[in-house]
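Thank you all for coming; I would like to take a few minutes to walk through one structure with you. Please have a look at the sequence and the coordinates first, and then I will go through them region by region.

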Amino acid sequence: MLAGSCCCGTVRFEVSQSPTMMGTCHCTRCRKVGASTFVFVDRAAFELVAGQPALATYQPEDGYKYARDFCSRCGTALGEISGDGDSFPIPANCFDDPLDLAVKFHEFVAEKPGWLPICDDARQFAGHPHKD
Ligand SMILES: [Zn+2]
Ligand SMILES: [Zn+2]
C-alpha cells in the first residue's frame, strides 16, 4: 500500500498496488499546475481516504483534453482523481511513500523551457507519444 496526499493534508489517498508507469510531461499546462512527472494508477487499486469535499476540478478550455483535479485549500495538483478512466495519472510528487519507478519517457518536449534540462536517458517525444 502506498499513501499520498496534497500539500495541506486535506486530500489523502491510498493505492493498493504500485503504479504501472512514470512519465514526465513538459506541456505548458502541466508546467503551470506544477505537476510534470506523473504515474498511472488503476482505478480499482485507488481509494480516496479523505478530502472529497475539498477536491476541485479545472475543466479544460477548448483545444485541450482532460480535466485536472486539485485541492481547493492548498492548490496541489492531483491529476485525474475524479475522472472515470480505468487507470489515470496522478502527479508523482503527491506520494508520501517512495515509488519504485523511474521516468520511462518525456512527452511534449517541444514545449519544454530551456531552464529545465533533461538528465536521464528516457525516450523523448516532441508531442504526445504515439503507440508504435
Ligand atoms: Zn490540500
Ligand atoms: Zn502535460
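This is a predicted model: local features need pLDDT of at least 70, side-chain atom pairs count only at pLDDT 80 or more; totals for chains, interfaces and linings use all residues.

For orientation, UniProt, in an unreviewed entry, places the feature "domain: CENP-V/GFA" at residues 2-107.

Let me begin with the metals. Which residues coordinate the zinc ion that is listed as ligand 1? The donors are the SG atoms of Cys-6, Cys-8, Cys-71 and Cys-74, at 2.3 to 2.4 Å. The angles among these four donor atoms run from 105 to 113°, and the site is tetrahedral; as a reference for those values, the ideal angle for four tetrahedral donors is 109.5 degrees. Along the chain the donors of this zinc ion, ligand 1, follow the spacing C-x1-C-x62-C-x2-C. The site therefore links distant parts of the chain, with Cys-8 in the loop between strand 1 and strand 2, and Cys-74 in the loop between strand 7 (68-71) and strand 8, 66 residues apart. As for solvent, Cys-8 is partly exposed, at a relative accessible area of 35%, and Cys-74 is partly exposed as well, with a value of 29%.

The other zinc ion, ligand 2, is coordinated by the SG atoms of Cys-25, Cys-27 and Cys-30, at 2.1 to 2.3 Å. Here the donor residues are spaced C-x1-C-x2-C in sequence. Are Cys-25 and Cys-27 buried or exposed? Both of them are buried.

Leaving aside residues up to four places away in sequence, Arg-29 touches Tyr-58, Pro-60, Glu-61, Tyr-64, Lys-65, Tyr-66 and Arg-68.

Now to the sheets, whose strands, as a reminder, pair through backbone hydrogen bonds, either parallel or antiparallel. One of them is an open sheet of three strands in the order 1-2-5, with antiparallel pairing. Strand 1 (2-5) and strand 5 (46-50) stand at its edges with a single partner strand each, so one side of each has no neighbour in the sheet. On average, and ignoring direction, neighbouring strands of this sheet are turned by 25° against each other.

Within this sheet, strand 1 and strand 2 form a hairpin with six residues between them, and Gly-9 in the turn has a positive phi of about 85°. The two strands run antiparallel and are joined by four bridges, strand 2 being residues 12-15. Gly-4 has Phe-13 as its bridge partner in strand 2, and Leu-2 stands opposite Val-15. On its other pairing, strand 2 meets strand 5, again in the antiparallel sense and over four bridges, where the bridge partner of Phe-13 is Leu-48. Which residues of strand 2 lie on its covered face? They are Phe-13 and Val-15, whereas Arg-12 and Glu-14 make up the uncovered one.

The other sheet is also open, and it consists of five strands in the order 8-4-3-9-10, with mixed pairing. Its edge strands are strand 8 and strand 10 (123-124), each of which pairs on one side only. Strand 4, residues 37-42, is joined to strand 8 by five bridges, and the two run antiparallel; in this pairing Val-39 stands opposite Ile-90.

I will end with Pro-91, which lies in strand 8, residues 87-91. At 5% relative accessibility, Pro-91 counts as buried. Pro-91 and Phe-38 are 53 residues apart in sequence, and yet their C-alpha atoms are 4.1 Å apart in space. Again not counting residues up to four places away in sequence, Pro-91 touches Ala-35, Thr-37, Phe-38, Ala-77, Leu-78 and Gly-79.

Conventions:
Residues are numbered from 1 along each chain as its sequence is written. Chains are lettered from A and ligands numbered from 1 in the order in which they are written. Side-chain values use heavy atoms; hydrogens and water are left out. Donors are N, O and S atoms within 2.8 Å of the metal (3.2 Å for Na, K and Ca); water is not among the atoms, so sites may look incomplete. Buried means under 20% relative accessible area, exposed over 50%, partly exposed in between (1.4 Å probe, protein chains only). UniProt positions are given in the numbering used here, feature names are shortened, and annotations may be inferred rather than shown by experiment. Two strands pair if DSSP finds at least two bridges between them. Axes are lines fitted to C-alpha atoms, for helices over the stretch in contact, and angles run from 0 to 180 degrees between N-to-C directions. Contact means heavy atoms within 4.5 Å. Four donors count as tetrahedral if all angles lie between 85 and 135 degrees; four count as square planar and six as octahedral if opposite donors are over 155 degrees apart and all others between 65 and 115; anything else is irregular.
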